[in-house]
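Dear colleague,

Please find below the structure that I am handing over to you. My notes on what was found in it follow directly after.

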Amino acid sequence: MTTTLYLNARVFQGTASADPMDAVDAVDAGAFVVRDGVFAFVGSEADACDFAPAPDSTVDLGGQLVLPGITDAHTHLVMMGEALGQVGLTDARDLGEIQRLLAEARAADPDARVLRGRGWLFDSIPGGAPTAAMIDEVVPDVPVYLDANDYHSCWVNSAALRELGITRDTPDPSGGRIERDADGEPSGMLYETAAVEYAWVQRDLAMTDADRDAAVERVLAAYSEAGVTGVVDMALNEVALEALQRAAERRGGELPLRVAAHWLVSNADDDATNLEQVERAASLAASISSPWLRVVGIKLILDGTIDACTAAMSQPYSDGSNADAIWPAERLFPVVTAADAAGLQIAMHAIGDAASSMALDALEHAFEANGDIVRRHRIEHLEYAAPGTAERMSALGVTASMQPVHADPAILGNWIAQLDDDRVERGFAWHEYEDAQATLAFSTDAPTAPYGPLANLYVAATRESALDPSFPAAQTLGRTVPIERAIVHATRDAAASVGDADWRGEIREGLAADFFVVDTDVLSEPAASLLTARTVLTVVAGRVTFEAGGRA
């Protein structure tokens, strides 16, 4: 057995009572002992020394704050790794700035055969209507693919349209739209499944295994440095799974963080084909199950986003438009019922209230059909949900998986404008799920938002901008969440969202020794310290995965 004694620490154990509204003790202990990857003791320094009088090693943490390891409960690992190597456009606040960044990127790599970017905002484009001609002005010679900040739309140039074979005669795919000009010609925007079936398929075909391996290594290193010890990967597919398996093979079967994955099931407009995808997920869940990489369920994308007016709402947007669900009820119910019966966790992307209501209707139908079985399902995002949704979810045991960083005021202007009524006041209503005592798991949905967990917690605790701290706070939105509870939602509750609360997510005896150390006591300093605090040590299963000054 290997024993490590950690002393001179301020330990936030992350343990809360059954009532999520109860206060959480800021600092619970000053020392702990890790033995064979598990917390063997947590308490005072004197008691820790008595418990382990002759440890294999002793670490003096210098009075720094120790937190349970973050579980990013909704992310896209390979996609985020790819994004880290692309042109970042989120900070570009007008078309001229976007064009400048694209021109600089093209000049920096003149031999590149494609240019990819990500993170642009609709309200940075005149009229919120991007066109291929806008990109052609600065990069006409190679295909350009620019994923929107919400990753539900892709803006392309004329060369990319030609590469994709999209013409005026190309039909819109089910659940998506190819934007066209007044003459019926494709204008450069691919919405929802049009982005997935054209731009993303082309990307996957163009990438090599070496490209994906490099992306995985980038994201694993970035997460380790950020204090993330576990993730829930949403929308996993064959090539991403193979890339993660290769990463584990390179490390003797282990990874520097724990990956629980949801297999993407796309609506093929055919029940038999849809159910075949569920069967594939069930087969993977049975065969790929380790503490480091496992398939736990399926992901269904029910609607789009409010920014693009593609989220399914019960009432129209401010311009009078609305959007249909990507999964109509007659296709959704059989898939949900089959996945529930197979013991798969179902995660449903639902941003609009019509979509989240349909998701709960589908789950209620499955519960009635399949009877009393162990289940743990979840709804992703819930940016605007109907009153009473939180109570329905609590009664059904459904987790609310939400992303505070999506409510960053610096990127919220277009979101507010698309609703422009009293619905805005109930946007991103984290507190409603707390009040209803539903499990609330925080995440980032990277790369649709920055992956840094402390910035995510800052938005939750303040409703202020982590991207631009000078930006006015979002005064029209709901309550903040005290930082202690926000941490619990990103650690214990995030682990619980995939059924792991009995073995990880807290600094508690008998649980996996997954934790990180920060150089600032963010629990006693002003909330702005979350934006400057840095991880100095990350440990997963007792192993150091990141240490400031050198990576393990």
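Strand β9 (residues 115-120) is largely enclosed by the rest of the structure, because five of its six residues are buried. Buried here means under 20% relative accessible area, exposed means over 50%, and partly exposed lies in between (1.4 Å probe, protein chains only). Please note that this is a predicted model, in which local features need pLDDT of at least 70 and side-chain atom pairs count only at pLDDT 80 or more, while totals for chains, interfaces and linings use all residues. Residues are numbered from 1 along each chain as its sequence is written, and side-chain values use heavy atoms, with hydrogens and water left out.

Helices (H or I, at least four residues) and strands (E, at least two) are DSSP runs, numbered from the N terminus. Two strands pair if DSSP finds at least two bridges between them. Strand β9 pairs in the parallel sense with strand β8 (residues 87-88), over two bridges. Within that pairing, G117 of β9 is the bridge partner of V87.

**The open sheet**

An open sheet is built from five strands in the order β2-β6-β21-β22-β23, with mixed pairing. At its edges stand β2 (10-11) and β23 (543-547), each of which pairs on one side only. The pairing of β2 with strand β6 (residues 65-68) is parallel and runs over two bridges; V66 in β6 stands opposite V11.

Helix α10 (residues 329-341) and helix α11 (residues 353-370) have axes that come within 9 Å and cross at roughly 50°. Axes are lines fitted to C-alpha atoms, for helices over the stretch in contact, and angles run from 0 to 180 degrees between N-to-C directions.

Among the residues that make the contact are L332, F333 and V336 of α10, together with M358, L363 and F367 of α11. Contact means heavy atoms within 4.5 Å. The residues of the contact between α10 and α11 comprise 11 nonpolar, three polar and two charged. In this grouping Ala, Val, Leu, Ile, Met, Phe, Trp, Tyr, Cys and Pro count as nonpolar, Asp, Glu, Lys and Arg as charged, and the others, Gly among them, as polar.

**Backbone features in the loops**

Most residues other than glycine have a negative phi, and most peptide bonds are trans. A cis peptide bond, with omega of about 10°, joins A446 and P447. P447 is placed in the loop between β20 (440-442) and α15 (453-462).

Q437, in the loop between α14 (430-435) and β20, has a positive phi, near 60°. Q437 counts as partly exposed, because its relative accessibility is 46%. R463 lies in the loop between α15 and α16 (483-490), and its phi is also positive, about 60°. With 3% relative accessibility, R463 counts as buried.

**Tyrosine 151**

Y151 is found in the loop between β10 (144-148) and β11 (153-156) and counts as buried, at 6% relative accessibility. Leaving aside neighbours within four places in sequence, Y151 is in contact with M79, A83, Q86, R118, W200, P447 and T448.

With kind regards
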